[in-house]
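Student: I am new to this structure. Please take one part of it, the charged side chains that pair up and the helices around them, and go through it closely.

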Amino acid sequence: MLFHSWRKPLCNRGNFFPLIQLFAALSHGHVAMFHSCASIPSKYPSFRKKPSVSKKRKVVIFREFRDVNSLNDAVCVFHRLVRKEPVPSVVEFAKLLRVMINLKEYSVVVSFFGEMRKLGIPFDDYILTIVINSFCLLGCAENGFSVLGVFFKSGVQFNVVTFSTLMRGLFEQNKIQDALWLFRKLVKEKICKMDEVMFGTVMNGLCKQGHTQTALSLLRIMEQGDAKPNTVVYSIVVDALCKDQMVGAAFNLFNEMKRKGITPNVLTYSSLVDGFCKFDQWEKVRMLLDEMMYLNIFPNMHTFSMLVDAFCKKGMVEDAVEVLQIMVQKGEHPDVVTFNAIMEGYCLRGEIDVARRVLDSMIDIGVKPDIFSYNILVNGYCKQKKLDEAMHLYCEIPQKGLKPDIVTCSTILQGLFEVGRVECSENFFTEMQNAGHSPDIYTCGIMLHGYLKNGHVEKAMSLFHRWEKQKEDTYILIYNTGNDGFFKIQKLDRARSIFDKLYSVGLHPDVIRYSVTVNGLCIEGLVDEAKELLRKMEDNGCLLDNATSNLIVHGFLKSNKTNEAMTLLKEIIQRGFPADKVTMSLLIELLLLIGEGPFLLNMMPKLHLRSEK
DNA sequence: TTAGGGTTAG
């Protein structure tokens, strides 16, 4: 029966047999999944089949232009329209321009409009807004403002959609201040009546730039006005809170919207599912999925892909493959993103050959790999230190009609440094720049760290000084490089000042940055400073984890601060973190040296118990 | 007007 539901779409999508074979191979013989719906694992909710969705509306809108599939078709239709007697209505022209936007021919929209003006063909607010949208999609929102001049000149009345479109363009170009200036002006001077879409656009723009709290404040402002918060604006903030790792706050907001009678949709649920997956809160995930089913809100390709990705990232690829199977049963076809997640899952487990088979299978069933697919595999080979295979795959990319991007290049660079091929890295770095790939903040971090790790201190420092002068975001660069590198080369003052600078520019050091700095201070014998920084770390809500605690204990032990090490070690044990082998052996050595054998004997069972746990 | 994927750092 299930096999039947599989077969239906296969006719349109090519040969699925390789995928079935692949599932069989990956599922460790659980091919029964293909034959019975009842075999869905009990840990998943009983997904019901999604009803087919009618897309009639779009078809009706574009019926007259359904034969316009290319630029040539559009040019022909445009010339036919302009020659027609009497001149067709503005609606006809607007529809054609909409089709052009769908074909991503934005500059042609601008040219068509120019010609319309020359020929004296009338236009309206709808057409002018399409032109503004085209400028925005071309990345020239400022030209959109010049279209506002056309509104004034021709006496056409603009509306809220015109400004929402312009606003979206400004946010897309990261021109937040301009966008907010425009928003304030529109509100203050009552230029147009603000609607939910306008608020949604501004809130989305703010969230994407990391200003979630401002977006939340806007949501509260909406509650006082005429345009009340709807499902979309709540979903925007719920999603942003999840991405800011504030899943608890996101869940509260989600409950609030339900209390107020605003129904969450599949996007709201999916954002939360994704958020809870990332925090391993599987009970919450299951509860949300069950609730969706109960409310007839069907998980879609995005929802399933999020689950697949979450399982893969946790190393649970078999579970991910099961989700993939359920997804297919329910009529949601995995796409390139879903398969990439599966490939990454196998790569993370070092099963690069299986990942490669997934790539071949997706091609066989007609899902075209993208540059992400190749980057995942290249990274897989690099992590296995199989640089020749990685380079081979890198050379294959153009043959597949794709272009390596900055991530591909950075991955290769990192791989080359990792195996100590410094000269190759340098050559590759030059080549990639010649090919037009400017190093981004990741690439710079990889270069600096690669040099430091391979003992090329002077080269690292000279590169750093060069970038320090050129780049505005040098502090992020240091952050990305890992300031431990600067400790290792005895540049303590420099490292410490950089750490302070991170604070002053509003960057929040994470647990790794704190721990390497504390460790560095300890090794330099600056234990008081290290302790002060530990206090600062806790004050800033940055919690110690297992690896960090061990690293800091190492720092204390290496500077012979046994008491401090013991205090911290006791705390580690109380918190349930095991002390690692290196920490333990260092501790034992020191305790024996200072004649604390009996104390050690007393401590050992406790440490051992915790370690086992 | 809203959602999914890849590179660095202990």
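Tutor: The side chains of Arg349 and Glu318 form a salt bridge, with 3.1 Å from N to O; the term stands for a side-chain nitrogen of Lys or Arg within 4 Å of a carboxyl oxygen of Asp or Glu. This pair links distant parts of the chain, 31 residues apart: Arg349 is in the loop between α19 and α20, and Glu318 is in helix α18. Helices here are DSSP runs of H or I, at least four residues long, numbered from the N terminus. Arg349 is partly exposed, because its relative accessible area is 30%. Glu318 is partly exposed as well, with a relative accessibility of 26%. The cut-offs are under 20% relative accessible area for buried, over 50% for exposed, and partly exposed in between (1.4 Å probe, protein chains only).

The model is predicted: local features need pLDDT of at least 70 and side-chain atom pairs pLDDT 80 or more, totals for chains, interfaces and linings use all residues, and side-chain values use heavy atoms, without hydrogens or water. Residues are numbered from 1 along each chain as its sequence is written, with chains lettered from A and ligands numbered from 1 in the order written.

In total, the structure holds 20 salt bridges. One of them joins the side chains of Asp280 and Lys314, at 3.1 Å from N to O. Here too distant parts of the chain are linked, 34 residues apart. Asp280 belongs to the loop between α15 (266–278) and α16 (282–294), whereas Lys314 belongs to the loop between α17 and α18 (317–329). Asp280 has a relative accessible area of 42%, so Asp280 counts as partly exposed. Lys314 is also partly exposed, at 35% relative accessibility.

A further salt bridge is formed by the side chains of Asp388 and Arg421, at 3.7 Å from N to O. Asp388 sits in helix α22 and Arg421 in the loop between α23 and α24, so this pair too links distant parts of the chain, 33 residues apart. Asp388 counts as exposed because its relative accessibility is 55%.

Helix α22 spans residues 387–396, and its residues Leu387, Ala390, Leu393, Tyr394 and Glu396 are buried. Among the elements that cover these buried residues are α20 (352–364), α21 (371–383), α23 (406–418) and α24 (422–434).

Helix α21, one of the elements in that cover, contains Ser373. Ser373 is buried, because its relative accessible area is 0%. The side chain of Ser373 makes a polar contact of 2.8 Å with the side chain of Asn340. A polar contact is a pair of N or O atoms within 3.5 Å; within protein, one must be able to donate a hydrogen and the other to accept it, and residues adjacent in sequence count only through side-chain atoms on both sides. A polar atom of the Ser373 side chain also lies 2.9 Å from the backbone nitrogen of Asp370. Setting aside residues up to four places away in sequence, Ser373 is in contact (heavy atoms within 4.5 Å) with Val336, Asn340, Met343, Leu359 and Met362.

The loop that holds Arg349 comes between α19 and α20, and α19 itself covers residues 336–348. Thr338 lies in this helix. Like Ser373, which has a relative accessible area of 0%, Thr338 is buried, with a value of 0%. The side chain of Thr338 is joined to that of Ser305 by a polar contact of 2.9 Å. Ser305 is also among the residues that Thr338 touches once neighbours within four places in sequence are left aside; the others are Val308, Leu324 and Met327.

Thr338, in contrast, is buried at 0%, and the side chain of Thr338 has its polar contact with the side chain of Ser305.

Technical notes:
Helices (H or I, at least four residues) and strands (E, at least two) are DSSP runs, numbered from the N terminus.
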